[in-house]
Every structure is written in structure tokens, then in C-alpha cells.
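This report examines a protein model together with its ligand. The sequence and the structure are displayed below for reference.

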Amino acid sequence: PIIFVATEVHPWCKTGGLGDVVGGLPPALAAMGHRVMTIAPRYDQYKDTWDTNVLVEVIVGDRTETVRFFHCYKRGVDRVFVDHPMFLEKVWGKTGSKLYGPTTGTDFRDNQLRFCLLCLAALEAPRVLNLNNSEYFSGPYGENVVFVANDWHTAVLPCYLKSMYKQNGIYENAKVAFCIHNIAYQGRFPRADFELLNLPESFMPSFDFVDGHVKPVVGRKINWMKAGITECDVVLTVSPHYVKELTSGPEKGVELDGVLRAKPLETGIVNGMDVVDWNPATDKYISVKYNATTVAEARALNKEILQAEVGLPVDSSIPVIVFIGRLEEQKGSDILIAAIPEFLEENVQIIVLGTGKKKMEEELMLLEAKYPQNARGIAKFNVPLAHMMFAGADFIIVPSRFEPCGLIQLQGMRYGVVSVPTRSIRR
Ligand code: ADP
């Protein structure tokens, strides 16, 4: 049995590729015969989930908290959601960009406690949830499981597994794979915060970290991702090339390259795309569905629908270039915005869909006023529009400074959009 623990799971909650993978990979593993569960926070009142009425108590910081599990069973996967006000209270009814903080790039002050709670609940779920929807498996998952922890938010999971369970003879055979989706986000906090985690002092070396930055404090810090890498059984990354990048030096490894070199990295496995969700022949968000034989006409029609949707002149002979992604330096959205005047010397249209840094969102929103005939910027997280863009655009531009995997290129290939990476743009 495999148990994915993550802060995002599509279609319930997603801000990027992490959500896509935790949404799409488990059904593929289930189809191969594995018993698979995902555990994520219950940020909203997900209508398709039911209240299991199973409660567990976990100690988070200096408080005992009661969490409740919600569940649904879809495409062979047990989807489990951890219900606690630390998640629901903050995010209910709001957009995906608020999963981690009040604004992009700002953490909620209690994020460490929120994610400790998620990991502690996740370690209880396989033992306490009696799940019987599958025709092949029934009962609790039990102790002989593999946890897949994803990114820094779940890096404390192997630590709790050791300190609270294995030490007491529970989960003796359980293993943890720690998957790095993006090493740029590590969870660096003041060293004194180690106390919040309720871990034995012996774990301190795994968290201990010194960097050259002054935020959040000067000097020694704790680094969650470092602990995840150190304490797990195996490290995974989201593409084979990313493994090489991460160990190549402090710049690409964002100062964890040494830690990674000390721990033999297992294979990087390319992120898959959920081919049920991303299928132009059945996509519920696109007007004209298509396959390899109907692609040419259908895409021309979808382009006109897309142009009308965003208010650009409708003409399928005009090349349409799109960008979909977080508005951050990583994604090169600043490079793109700066380059737009040059693009528009040609007879092309540009549509930029993204959320992120405030300044870039503001620049996006000015595009229509500046270039009414050629450009639109939409500062929203809009999944239906993203699908329409893949179905109708000619090119998807990927000016990323680095890209651990990049799902948009995969989505582009699946829909017949030519993906244009950074190097081509620089040339
Ligand atoms: P990352 O995980 O670094 O954010 P990826 O390219 O791997 O980047 O995955 C991003 C995912 O989020 C893709 O599924 C993409 O279609 C989706 N996405 C990104 N921004 C938006 C947006 N503003 N609206 C809708 N979907 C978006």
C-alpha cells in the first residue's frame, strides 16, 4: 500500500504541479494493482467527500488538537482529507493561492504547526480508517505501508514516524520516500522553532542549517527539507535531469546540494500528466473536442472561441501565444512581460494566465489597455480557461529560469500546442 501525503491534490486543491501529480499519479498506481491513499488538508467543504466520523487526537505545539477524516473513493484511490480549523478556517471559499498564506509568497504564521498536524494525522490514518470501497482491498491499510511525502510541508513525517512509532514497535516495516517537487521552497525557520515540532533533540542535526540570508533571522536556522532528505529512506525528484541539477552545486541545489550528495538519490521519475483529465477528446472545458484526425479543424475553432472568451479579435489565422503559470522569477514571467512589446511587432496575440507576485499581476492587468488588439493578461487561477488555452493556442511559452519538471509542456504536447522553452526565446 502506498500513501501520498501532500498539501495539494487535484481537483480538490491545487496551486501547481504538486497538486496535479498527487491527483494523477495515484489512480495510475491503483490501476497497476497497488492500494493507494492520498492524504491532504480539507481546505474547503468538498461536496464529494463524506465525514468518516473518525477522530484522532494529535499534539501540535503545546496543544492537543482533534482532527477528523473525510473520505471519498475515486478511480481506485482512497482520497482522505484532514479536517481541522487550521485548514478550513483559513481557506474556505477562497482561491487556491491562499493555501499557504494570506498573499502569494507570505506564509501563514502557523504554517509549521499546520503541516505538523497534517503529518501527524497522516501517520494515524492508515491505522484508524476502516476503508471498504475497493473491490480488491478492505479494512485499514495497516502498518506495512510506504509513505510518499511531498516537498517541505511533509518533511517532518519521517521524523515522527521514527520518534513516535518505530521506537514503540509500530510501523516497523514502513518506509518513506521523500519527493522533491521544487527545492526552492525549503521551509527555513528560526532555530528556536524546533521546539514547536515536539521532536527529540537527537533530530536537531537533521534540521540544523546555516545560510547566508538574513530572513527569517540571521544565523542558524532549521530547514525542514533538509530534515526530510536526511530522515527518509529514499529521495525522489520529479525528473531525471532534476536529480543531476540538484547535486550540481549550491545554486541549483539551493544550498542543499551537499546534503543531497551525501544521500544517494534514487531515480528522478518524470512527472506524469493525468491523461483522463487532460484529454482533448473528452475535455469537459473545451467546446470542440478533438483527436489526431480532427485536430486541425477543431483547434482552429477552439482558437476562435478562446479569442472571443478573452475579448481579442477573432481570427484563426493569427498565431496565439500563451503563458500559464505562477508569476514568479522562477517561471520567467518577468522576462515574458518585458518581452511582450517585441513580440507584438509581429502580427500575433498573447494571452497570459497566472497568479503570483502582486507587481506582476498588476502588469498583467495593464496589458489589455496597452495592447487592446493583441494582448490579454488574466491574473486568476482558472482551470477551465487553462484547458481552453491549451485547446486553442498555437504556442505555449516557457521562459522558466529553472523547471524541475514542468507539467505545462506535457499538457501542451498532449493538446498539440508547440512549447517554446527559454533557450529558444533567448536566441
Ligand atoms: P509548478 O508546479 O512549478 O507551478 P507546473 O508547470 O509543473 O509548474 O504545473 C503547473 C500546473 O498548474 C499546471 O497544471 C498548469 O496548467 C496549472 N496552472 C498554473 N497556473 C494556472 C492558472 N493561473 N490557472 C489555471 N491553471 C494553472
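The model is predicted.

## The ligand site

The ligand is surrounded by 19 residues, and the closest are Gly17, Asp20, Arg326, Lys331 and Gln411. Sorted by class, this shell consists of seven nonpolar, seven polar and five charged residues.

A nitrogen atom of the ligand lies 2.9 Å from a polar backbone atom of Lys380. A backbone N or O atom of Asn382 is likewise 2.9 Å from a nitrogen atom of the ligand. Gln411 takes part through its side chain, where an N or O atom is 2.8 Å from an oxygen atom of the ligand. The ligand taken alone exposes 570 Å², of which the protein buries 93%.

Which elements give two or more residues to the shell around the ligand? They are α1 (17–31), α12 (383–392) and α13 (407–415). The largest share, three residues, is that of α13.

Arg326, one of the closest residues to the ligand, is located in the loop between β12 (320–324) and α10 (333–343). With a relative accessible area of 21%, Arg326 is partly exposed. In sequence, Arg326 and Gly16 are 310 residues apart, while their C-alpha atoms are 7.8 Å apart in space.

## Aromatic pairs

The structure contains 15 aromatic pairs. Two of them are set out in the table.

| Pair | Geometry | Centre to centre | Angle between the planes |
|---|---|---|---|
| Phe189 and Trp224 | edge-to-face | 6.4 Å | 65° |
| Tyr290 and Tyr415 | edge-to-face | 6.5 Å | 85° |

Phe189 belongs to strand β8 (residues 188–190) and Trp224 to helix α6 (residues 224–231), so their pair ties together parts that are 35 residues apart in sequence. Phe189 is buried, at a relative accessible area of 12%. Trp224 is also buried, and its relative accessible area is 0%. Phe189 and Trp224 form one aromatic cluster with Tyr100, Phe115 and Trp152.

The pair of Tyr290 and Tyr415 links distant parts of the chain, as the two residues are 125 residues apart. Tyr290 is in the loop between α8 (257–262) and α9 (295–310), whereas Tyr415 is in helix α13. Both tyrosines, Tyr290 and Tyr415, are buried. Helix α13, which holds Tyr415, is also the element with the largest share of the shell around the ligand.

## Helix α6

Is α6 mostly covered or mostly uncovered? Seven of the eight residues of α6 are buried, and the helix is thus mostly covered. The buried residues of α6 are Trp224, Met225, Lys226, Ala227, Gly228, Ile229 and Glu231. Lys226 and Glu231, which count as charged, are among these buried residues.

The N-terminal end of α6 is capped by Asn223. A side-chain oxygen of Asn223 lies 3.0 Å from the backbone nitrogen of Met225, and Met225 is itself one of the buried residues of the helix.

## Backbone features

The peptide bond that runs from His10 to Pro11 is cis, and its omega is near 5°. Pro11 is placed in the loop between β1 (2–5) and α1. Helix α1 is one of the elements that give two or more residues to the shell around the ligand.

Val254 is not a glycine, yet its phi is positive, at about 40°. Glu255, also not a glycine, has a positive phi of about 70°. Val254 counts as partly exposed at 24% relative accessibility. Glu255 likewise counts as partly exposed, at 31% relative accessibility.

Notes: Residues numbered from 1 in each chain as written. Predicted model: local features only at pLDDT ≥ 70, side-chain atom pairs only at ≥ 80, totals over all residues. Heavy atoms only, no water. Near = heavy atom within 4 Å. Polar contact = N/O pair within 3.5 Å; in protein donor to acceptor, adjacent residues only side chain to side chain. Areas by Shrake-Rupley, 256 points an atom, 1.4 Å probe, with all protein chains shown as cover. Helix = DSSP H or I, 4+ residues; strand = E, 2+ residues; numbered from the N terminus. Phe/Tyr/Trp six-rings, centres within 6.5 Å; stacked < 30°, edge-to-face > 60°. Buried < 20%, exposed > 50% of the residue type's maximum accessible area, 1.4 Å probe, protein only.
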